[in-house]
Amino acid sequence: MPPVSVLDALPVEATAFLLLFARVGAVLMVLPVFSEDAIPGRIRMMIAFGMTIGLWGLLSPAVMPAARDVQALPGILMIELLTGLGLGMLVRIFFLAMATAGSIISLQIGMTSALLADAQQGGQAAALSKFLSVAASVMCMALLVHHLWIAAIVRSYTTFPVGGLPAIGDFTQLILATAGRSLALAVSLAAPMIVYGIVFNTALGLSARLAPAIQVFFVAQPLNLVFGLALFATLSGAMMTAFAGSMASWIQSVWG
């Protein structure tokens, strides 16, 4: 059998690179931090292209067999796009725990009217929710949690081989479990502020009963903001660290 020249192998390698780029690019299009609207689309495309080049040497053996099947190539490409979007969406669902915690905290200290535009949450979001989302992104980058995201992409080729559609039932259960874990994490992160809100509002109600002629709400609301923001500033560092640790534990438990 004559040896295959470089030019003869080039179309197959280009097709394999396209398949790899499809999954990696789809993941990065919805992955936290990398999918921010503040990052232009061309920059995100260049990041996906550069990451595909970086992972080519490691993952090319996993995509080369599928690249040789020319007839099934359109279907394989579509499956790779859907798989990448699903994997990125799982991380985004878990990442929304910080935004949910910020919304809960805003409700407790009376800052639900302070809204900012946030495309990730589908419109407007509370200022503290947006702040915690950005702070969580910075913390994940600082603690190198994003390396685990990239490692999860690599391990996904073992869990979901190229050309194989993930089991819809198992994937749906994984999404539901991730959403439940994200919500539980949000409530646990905001638990001190929930306790603060219960105590403060109970004291406010008792004060209103003792002095019904005084507009207790207008008197106490500034104190609620001051005490609530002071407590939030004290706990924010621990919240960020706990979230980053939970994110790392979740990725390792799901992807091994």
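**Close-up views of a predicted model**

Leu165 lies in the loop that connects α5 (145-159) to α6 (168-189); helices (H or I, at least four residues) are DSSP runs, numbered from the N terminus. This is a predicted model in which local features need pLDDT of at least 70 and side-chain atom pairs count only at pLDDT 80 or more, whereas totals for chains, interfaces and linings use all residues. Residues are numbered from 1 along each chain as its sequence is written, and side-chain values use heavy atoms, with hydrogens and water left out.

View A. With a relative accessible area of 54%, Leu165 is exposed (over 50%; 1.4 Å probe, protein chains only).

**View B. The nonpolar surface patch.** Leu165 also belongs to a nonpolar patch together with Met29, Met78, Leu81, Leu82, Leu85 and Ile168. Patch members have over 30% relative accessible area and no salt bridge, and their nonpolar side chains (Val, Leu, Ile, Met, Phe, Trp, Tyr) are joined within 5 Å. A salt bridge is a side-chain nitrogen of Lys or Arg within 4 Å of a carboxyl oxygen of Asp or Glu. The patch has about 640 Å² of accessible area (Shrake-Rupley method, 1.4 Å probe). Helix α3 (residues 73-109) contributes the most, with four residues.

**View C. Arg42 in helix α2.** Arg42 is found in α2 (residues 41-67) and is exposed, at 74% relative accessible area. Its C-alpha lies 28 Å from that of Ala97, 55 residues away in sequence.

**View D. Two annotated spans.** An unreviewed UniProt entry lists "transmembrane region" for residues including 174-204 and 225-251; such annotations may be inferred rather than shown by experiment. Residues 174-204 are 97% helix, with end C-alpha atoms 43 Å apart. Residues 225-251 are 100% helix, with end C-alpha atoms 36 Å apart.

Terms used: Patches are made of residues with over 30% relative accessible area and no salt bridge: like charges are joined within 9 Å, nonpolar side chains (Val, Leu, Ile, Met, Phe, Trp, Tyr) within 5 Å. Helices (H or I, at least four residues) and strands (E, at least two) are DSSP runs, numbered from the N terminus. Buried means under 20% relative accessible area, exposed over 50%, partly exposed in between (1.4 Å probe, protein chains only).
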